[in-house]
Amino acid sequence: MPTPTKNRALDRIDLSILSTLQTNGRISNVNLAQEVGLSASPCLDRVKRLEKDGYIERYGAKLNASKLKFGMSAFIQITLERTTSELFTSFQAAIKNIDQVSECHMVAGGFDYLVKIRIADMQAYRQVLGMIVDIPGVAKNHTYVVIEEIKQDQGLPLISTSQ
């Protein structure tokens, strides 16, 4: 991962580049340059600077979860027995080793972590839940199975059309 340098302010073109790339990471530099109103060479220079400065972390593909047998999602609230830095560290290390965990967030409020899992079916859910509740220090859990995804992460709202 690139080492972020002291960041200069992003201008309208930088934001347009970032917005376009998060929608289509496979766009050619020539097409990106046309999209943001630059010639190819300055556009490539800006993309390289945005990568070097850490604004662009990685490129990837959005996969079809259903076709790959991960079409079911669930969110699990986790409450730990104690709130100590040692227990936080051990829980975080253990949860990172469960492949079906797609996201894990430490949260403020009535529980400690919100975990998103991607699984094929209820049998797979039961297996993953078993792995999670067996992590030392897990006291309580509550699961919310996703019935329908209404809006998925579309990236950061860098350029708003509603303003």
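**A salt bridge to start**

Mentor: Look at Arg-46, which forms a salt bridge with Asp-14, with the closest N and O atoms 2.9 Å apart. A salt bridge here is a side-chain nitrogen of Lys or Arg within 4 Å of a carboxyl oxygen of Asp or Glu. Before we go on: this is a predicted model, where local features need pLDDT of at least 70, side-chain atom pairs count only at pLDDT 80 or more, and totals for chains, interfaces and linings use all residues. Residues are numbered from 1 along each chain as its sequence is written, and side-chain values use heavy atoms, with hydrogens and water left out.

Trainee: Where do Arg-46 and Asp-14 sit in the chain?
Mentor: Arg-46 is in helix H3 and Asp-14 in helix H1, 32 residues apart, so to speak of the pair is to speak of a link between distant parts of the chain. Helices (H or I, at least four residues) and strands (E, at least two) are DSSP runs, numbered from the N terminus.

Trainee: Is Asp-14 buried or exposed?
Mentor: Buried, with a relative accessible area of 0%. Buried means under 20%, exposed over 50%, and partly exposed in between, using a 1.4 Å probe and protein chains only. Arg-46 counts as buried too, at 18%.

Trainee: What else does Asp-14 form a salt bridge with?
Mentor: Arg-49, with the closest N and O atoms 2.8 Å apart. Arg-49 is in helix H3 as well, 35 residues from Asp-14. Both Arg-49 and Asp-14 are buried.

Trainee: How many salt bridges does the structure hold?
Mentor: Six. One of them joins Glu-81 and Arg-82, at 3.4 Å from N to O. Glu-81 is exposed at 52%, and Arg-82 is partly exposed at 43%. Salt bridges that share partners also join Arg-8, Asp-11, Asp-14, Arg-46 and Arg-49 into one network.

Trainee: New topic. Which residues are buried in H4?
Mentor: Leu-87, Phe-88, Phe-91 and Ile-95. They cover an arc of only 100 degrees around the axis, which puts them on the same side of H4. That arc is taken from the directions from the helix axis to the C-beta atoms. Ser-85, Glu-86 and Thr-89 are exposed on the other side.

Trainee: What do the buried ones pack against?
Mentor: Strands S1 (72-80), S2 (101-106), S3 and S4 (138-145), plus helix H5 (122-133). Contact means heavy atoms within 4.5 Å.

Trainee: How many aromatic pairs are there?
Mentor: Two. In one, the rings of Phe-88 and Tyr-113 have centres 6.2 Å apart and planes at 75 degrees, so the pair is edge-to-face. The rule: rings of Phe, Tyr and Trp (its six-membered ring) pair if their centres lie within 6.5 Å, and planes under 30 degrees apart are stacked, over 60 edge-to-face, the rest tilted. Phe-88 lies in H4 (residues 85-95) and Tyr-113 in strand S3 (residues 113-119), so the pair ties together parts 25 residues apart in sequence. Phe-88, Phe-91 and Tyr-113 form one aromatic cluster.

Trainee: And the whole chain? What elements are there?
Mentor: Five helices and four strands. From the N terminus they run α-α-α-β-α-β-β-α-β. The radius of gyration is 20 Å, well over the 15 Å that the globule rule gives for 163 residues, so the chain is more spread out than a compact globule. That radius is taken over C-alpha atoms, and the rule is 2.2 Å times the number of residues to the power 0.38.
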